[in-house]
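The structure comes first, and the description follows.

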Amino acid sequence: MDAVDIARWQFAIVTVYHYFFVPVTIGLSVIVAGFETAWLRNRNPEMLRLTKFFGKLFTINFALGLVTGIVQEFQFGMNWSDYSRFVGDIFGAPLAIEALLAFFLESTFLGLWIFGWDKLPPKLHAACMWLVAVGTLLSAYFILAANSWMQHPVGYRFNPATGRAELNDFVAVLTNKVQLVTFPHTITSAYMVGGAFVMAVGLWHLRKPGVGTNAGMYRKATRIGAWFTLVAALGVVVSGDLQGKIMTEVQPMKMAAAEALYNSEASNAPFSLFTVGSLDGSQEKFSVKVPGLLSFLATGRFDGSVEGINEIKATYEKQYGADTMNSSAQSRVFSKSYTPTIPLTYWTFRIMIGLGMVGALIAIAVLWYTRGDRIPRHRLWLWAVLATPLLPLFANSFGWIFTEAGRQPWLVFGVMTTATGVSPNVSAGEVWTSLITLTLLYAVLAVIETKLLLRFIAAGAPEFEEPVDPADRDENAPLVFAY
Amino acid sequence: MELTTVWFILIAVLWTGYFVLEGFDFGVGMLMPVLGRGGDEHGEVRKRLLLNTIGPVWDGNEVWLLTAGGATFAAFPHWYATMFSGLYLPLLIILVALIVRALGFDYRGKVDDPTWRKRWDIAIFLGSAVPALLWGVALTNVVMGLPINADKEYTGNLFTLLNPVGLLGGLTTVALFLTHGAIYIALKTDGDVRHEARQLSIKVGAVAAVLAVILLVTINVSTGSAASWAAAAVAAVALLAGLFAAFRQREGWAFVGTFVAIGAAVATLFLALFPNVMTSTTNASFSLTTTNASSTAYTLTIMTWVAAIFTPVVLLYTSWTYWTFRKRISAHHIPVTSVGIPSSGAGTLS
């Protein structure tokens with residue numbers, strides 16, 4: 001492996017890892033804020049207990065999301081300095097704005113929320129968690145604007161004098177049509193994860209033999225989580241469908257790669273549910289196909305035409321040149337092939353959809369089997385409990401792997417290839433060092449994090465304690481929350 | 001004023017904000033083994049007391065670093081690219097340190113087990129001391145100059161950074177942050193810890209003052225301007241005034257003193273650096289400057305508007321947080337266990 005490959009592996013590992021925590025943060029923040037608001041509205045003690053319970057799980061998850069996020073910001077400069085030089089004029093701004101608008105908001109108000117139970121008036125305290133939730137959305141918007149620009153660069157021009165891409169329309173970057181569909185797709189996917197997490201934790205406690213008088217509370221958590229998952233899933237489907245069409249328009253290769261469609265289909269392009277055999281287009285393989293579905297995903301019509309990999313490749317070779325380093329032109333191109341890794345895009349696309357769908361189906365089943373005062377007792381439900389938070393979470397991961405791998409060989413689509421973006425002065429040994437260090441560290445932290453989460457999930461919601469008004473508190477009383 | 005100059009100042013302000021704020025929580029982390037000594041119950045309460053002085057604020061403090069990094073990327077992409085790829089291994093070490101430190105704060109009280117806590121205590125100490133040292137080494141080297149070629153690429157290695165002046169810079173930041181942290185503890189606690197911290201701050205502060213004076217004079221002799229000399233003088237006076245205030249048991253003023261001292265010291269470095277952003281020792285003409293490393297005027301204009309509108313908002317709610325948690329805490333404020341900690345035995349999913 002050369003420095004490019006190692007840097008790519010590092011980016012993939014630390015980003016996928018970071019993104020285990022991000023959707024949980026986005027999804028749980030709004031649910032915890034909702035629980036707390038419900039408590040303030042109808043004074044149901046169960047809601048305060050759920051607020052504290054899921055709030056604690058939220059903070060355990062947030063800590064790891066936060067620290068792995070610092071790596072994300074640093075590694076553009078560390079491993080991808082040529083990329084940073086080439087796009088900094090455009091790409092840096094959303095990152096800086098994300099820090100200023102979102103990170104300060106999230107960190108400050110989460111600190112206030114965790115430590116402020118006995119300091120802030122109740123409504124203000126709940127408002128802090130809502131602000132954290134808003135912070136996660138702002139954060140997502142700006143970082144996705146940056147990513148969408150890589151998928152579909154707009155609002156810029158190439159400046160031959162400086163040899164880099166330069167911003168000329170910031171509004172265009174923020175309202176990039178890829179961004180407008182990616183943002184809702186990402187957020188609803190994250191909400192699915194948050195909902196599934198609450199549903200699974202609630203259901204696990206609900207099924208416990210000793211649940212006793214807590215059954216009502218955990219049933220509420222389970223059903224709220226399930227509804228949240230289901231509504232979010234609907235959003236995922238709608239936004240994902242829109243996204244597919246935009247993707248076909250701006251990155252036809254990615255859609256072709258999602259199906260491993262080598263030759264263009266004039267109409268009724270089928271979508272295969274799975275394939276046995278190689279995906280290199282060389283031979284007829286066994287696969288289960290749904291007629292016309294690919295046409296529908298790509299164009300919205302079952303008889304729409306879909307371009308194949310070979311045709312698109314030929315177009316790109318004409319447009320960007322074949323097998324050449326072409327940095328004098330309006331782009332930085334160095335690639336042997338314009339085709340992404342097909343088995344990777346083919347399978348990640350399917351796994352993303354499949355896991356998400358199974359997650360949504362479990363949510364429906366949970367709603368059905370917990371209706372009234374029913375408790376689903378069958379042993380298989382334990383597996384569902386274990387799987388539910390992970391299914392949408394991994395669907396998120398596979399979605400990102402698909403969309404990033406499907407953009408290859410481009411780093412910025414049509415403008416800069418990945419191989420030209422790495423830091424020229426950083427040796428393979430240095431990248432190896434950081435890859436191994438971070439991977440080992442992350443592995444250890446994953447074990448610790450999982451262990452902690454399981455302990456706190458198992459401990460269940462804390463007993464109800466009537467909160468004391470901050471104004472009436474004894475100054476010398478122990479803090480309500482302390483490290 | 002040119003926008004590139006405005007952004008140089010803003011980035012200097014962000015780094016200054018980072019060091020004056022995270023400086024004291026690095027200090028608290030480094031002082032844990034000293035002021036929080038003792039493996040018994042008493043020591044544990046002291047440790048938790050120290051941690052809870054920074055509990056609600058350290059995370060917000062760290063965002064100054066992220067904002068400084070993001071702003072550098074946006075306003076001076078070449079500065080960001082050269083510095084972050086050039087300082088590769090030190091930054092990797094800093095990242096690892098910041099990761100384990102933050103998790104230490106958040107996780108140490110979540111399992112009731114002495115071994116667990118001891119491990120996180122080590123993480124908190126190293127996670128605070130290592131970045132305190134390395135940031136000083138890194139910034140000093142950036143100001144004194146590094147081998148950078150015509151393509152704006154750093155051509156040295158890790159050992160290039162470990163020169164006498166760079167190491168002096170590192171020791172200075174460690175000493176300054178220890179002083180700042182000790183005074184912060186004296187300001188935020190009551191009881192034994194408060195008095196010990198104050199006494200310690202004067203001793204460490206004296207060392208910090210000597211180191212800081214040598215460092216700032218060395219830098220100013222090499223690359224200083226009238227403004228950077230003035231800032232260095234402010235730093236020295238503020239530090240001495242702060243230590244005097246600590247001696248007079250005026251902790252609030254002492255904190256103002258170290259706050260201004262660290263701020264002015266960082267300002268000295270940036271004023272000495274200006275108008276370069278990365279000085280090349282290979283050839284002066286290879287240096288990155290506010291002009292040749294910057295983004296376009298268009299991008300800087302947008303960023304200026306965003307910063308002008310939102311920075312005051314951030315400062316407002318940050319101040320409000322500090323106001324909310326303004327009260328001193330003492331041993332009797334520390335609850336017996338962290339709230340919600342599962343008792344041993346409850347932690348099994350079966």
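The model is predicted. Across the interface of chain A and chain B, 28 residue pairs are in polar contact, both residues of each pair being at pLDDT 80 or more. Two or more residues of the chain A side come from each of helix H2 (45–79), helix H3 (81–115), strand S2 (164–167) and helix H13 (428–459) of chain A. H3(A) gives the most to this side, with 24 residues. By residue type, the side of chain A that touches chain B holds 50 nonpolar, 19 polar and 13 charged residues.

Further values for the interface are set out below.

| Feature of the chain A and chain B interface | Value |
|---|---|
| Residues of chain A in contact with chain B | 82 residues |
| Residues of chain B in contact with chain A | 82 residues |
| Area buried between chain A and chain B | about 7500 Å² |
| Share of the buried area on carbon and sulfur atoms | 72% |
| Salt bridges between chain A and chain B | 2 salt bridges |

In chain A, the residues that lose the most area to chain B are A:Arg85, A:Phe104 and A:Tyr483, together 13% of what that side buries. The side chain of A:Arg85 also forms a salt bridge with that of B:Glu153, at 3.3 Å from N to O.

Within chain B, helix H1 (residues 3–35) packs against helix H8 (residues 164–188). Their axes are 6 Å apart and meet at an angle of about 80°, which means that H1(B) is roughly perpendicular to H8(B). Among the residues in this contact are B:Phe19, B:Phe24 and B:Leu31 of H1(B), and B:Val174, B:Phe177 and B:Tyr184 of H8(B). The contact is made up of 14 nonpolar and 4 polar residues, with no charged ones.

Key. Residues are numbered from 1 along each chain as its sequence is written. Chains are lettered from A and ligands numbered from 1 in the order in which they are written. This is a predicted model: local features need pLDDT of at least 70, side-chain atom pairs count only at pLDDT 80 or more; totals for chains, interfaces and linings use all residues. Side-chain values use heavy atoms; hydrogens and water are left out. Contact means heavy atoms within 4.5 Å. Buried area is the accessible area (1.4 Å probe) that two parts lose on being put together, summed over both. A salt bridge is a side-chain nitrogen of Lys or Arg within 4 Å of a carboxyl oxygen of Asp or Glu. A polar contact is a pair of N or O atoms within 3.5 Å; within protein, one must be able to donate a hydrogen and the other to accept it, and residues adjacent in sequence count only if both atoms are side-chain atoms. Helices (H or I, at least four residues) and strands (E, at least two) are DSSP runs, numbered from the N terminus. Ala, Val, Leu, Ile, Met, Phe, Trp, Tyr, Cys and Pro count as nonpolar, Asp, Glu, Lys and Arg as charged, and the others, Gly among them, as polar. Axes are lines fitted to C-alpha atoms, for helices over the stretch in contact, and angles run from 0 to 180 degrees between N-to-C directions. Angles under 35 degrees count as roughly parallel, over 145 as roughly antiparallel, 65 to 115 as roughly perpendicular and the rest as oblique.
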